[in-house]
Amino acid sequence: MQHPEVESLDRDGILKLQREGLAGLGARLAQCDTWKAHFAQAGMTPEDLASEDGLANAPFMDKSLLRDLYPFPFLTVPMDKVERFVATSGTTGLPVTFGMTKNDLHSLLPSQMARLLTAAGVKPGFRAYQGYGYGLWIGGPALDAGFSAVGCTNFPIGPGRGELAARWLRDHAYDVASMSPLWLMTLVQAAKHQGINPRNDWTLKVAILGGQSVSAEFRAQLEAEMPEGFMSHNIYGTTEAGGPILAISTPFTHADDELQLLNEDTVIVEILDPKTMKPVSEGEVGEIVITTLRKEASPVVRWRTRDLVRLSPRPYDCPSGRRGMRKIGRIIGRTDDMIKFKGVIVFPSQIEDVIAGIPGLAKEAWQIYVDKEATTIGKMTVAVEAVAASQRPGEDAAADVRREIKARLGINVNVECHPEGELPRYEAKATRVLHRPEATH
């Protein structure tokens, strides 16, 4: 454990820290007119967060609220106290900016990241290939901060340069890599095209994979390509939370395909039914809603991430000794990525699970095409790629995908099988659901 004095607390100990954090947060927000106005709409003041039911009654936040206060929404410190801004991807509408003070960037973030990386098995002295992007995105800077705090030697390569990166993984002898899981699979293929065998020629021990959640089947196939003893871990967070600081899988949760919320002393994570906005029970699916307790520049209170996750049936029994921090399943999808097709709710992760189990298909390249921007669609097409080396006819693989989707989800979809290399690869977060009129093909 990086911070055993916190990580070994029981649930009551964590809740005590959260209550103290909420009282401090409320006092800080009470100094900001924008926050006072936000709470007033719910008949509250920020100081009410200190009461027992304060958070449960506090108003929610989402991107539409922040965009109404463009360009620096809910900034709680003077601009000259902001050392850096980060931003959401802005795939729909204007990107939303979040400030970070010196303390946010150089104290809080490294501490949060180091705890996650240590729990995943990253050790001092490891050579780290940092493959997340930079610019306004928090991914790269967050991993830089974490690797530095753990004591790693960092190679901040960022995304791209696949042919070179595949060679550097051999020549530089990296121990840990952080990147999109799909990009790591792409690098495996790039290595093989150069006569490099990742299982024998790379020295990776751990991968910190984010940007999108991957199925256990995909993860197993990725790990099978790697050196003996290699383990991949999903990491999860959001820009609004302050980075990929919320949860990570560990050697203790890996077999159950679960992650652990390891920073619940600095970020409160509620898992709420997206319809009733009430807490879900153990084993049930809900939306992740976050409240940042220690962030200075741009805190959030009850931020709706739109990410859906299943609370573990046994959230407090981790053999690691982390008794007070809950376990969750991998991210199922987003409420706004959900497709309603002929009365059936479909998430892209369910389609990925099918593709990952079909031989002869590229696991990192696939798309879902729908025919209109409606929540209920009339036609859906799944596009996949045939791997040439498998020598398996594409029509056979497509038929397997079609049959397996019907068996698992009870729906009939169109399946297109493309030649290898035709569908897009993603260095960061993948865009899986696209809209096109010709989805009837």
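In what order do the four strands of the open sheet with mixed pairing run? The order is β20-β19-β17-β21. The model is predicted, so that local features require pLDDT of at least 70 and side-chain atom pairs pLDDT 80 or more, whereas totals for chains, interfaces and linings use all residues. Residues are numbered from 1 along each chain as its sequence is written, and side-chain values rest on heavy atoms, without hydrogens and water.

**View 1. The open sheet of four strands and its pairing.** Strands (E, at least two residues) and helices (H or I, at least four) are DSSP runs numbered from the N terminus; two strands pair if DSSP finds at least two bridges between them. β20 (414–418) and β21 (433–435) are the edge strands, each pairing on one side only. On average, neighbouring strands of this sheet are turned by 30° against each other, direction ignored; axes are lines fitted to C-alpha atoms, for helices over the stretch in contact, and angles between N-to-C directions run from 0 to 180 degrees. Strand β17 (residues 361–370) runs parallel to β21 and is joined to it by three bridges. In this pairing, Val370 stands opposite His435 in β21.

**View 2. Helix α13 on the sheet.** Helix α13 (residues 394–409) touches β17, β19 (380–386) and β20, where contact means heavy atoms within 4.5 Å. The direction of α13 makes about 150° with that of β20.

View 3. A cis peptide bond with omega of about 10° joins Tyr70 and Pro71; Pro71 lies in the loop between α5 (63–67) and β1 (82–87). Met277, a residue other than glycine, has a positive phi near 60° and lies in the loop between β10 (267–272) and β11 (285–292). Arg302, also not a glycine, has a positive phi of about 55° in the loop between β11 and β12 (303–310). Met277 is buried at a relative accessible area of 15%, and Arg302 is buried at 3% (buried: under 20% relative accessible area, with a 1.4 Å probe and protein chains only).

**View 4. The second largest pocket, with a volume of about 670 Å³.** A pocket is an open set of points on a 1 Å grid over the protein atoms alone, where a 1.4 Å probe fits, with protein on both sides within 12 Å along at least five of seven lines; lining residues have an atom within 4 Å of a point. Grid points are joined across faces, edges and corners, and the volume is the space filled by probe spheres set on them. Of the 28 lining residues, Leu15, Gln18, Leu55, Ile268 and Glu270 are the closest to the centre. At least two lining residues come from each of α2 (11–29), α4 (54–57) and β10.

Conventions:
Buried < 20%, exposed > 50% of the residue type's maximum accessible area, 1.4 Å probe, protein only.
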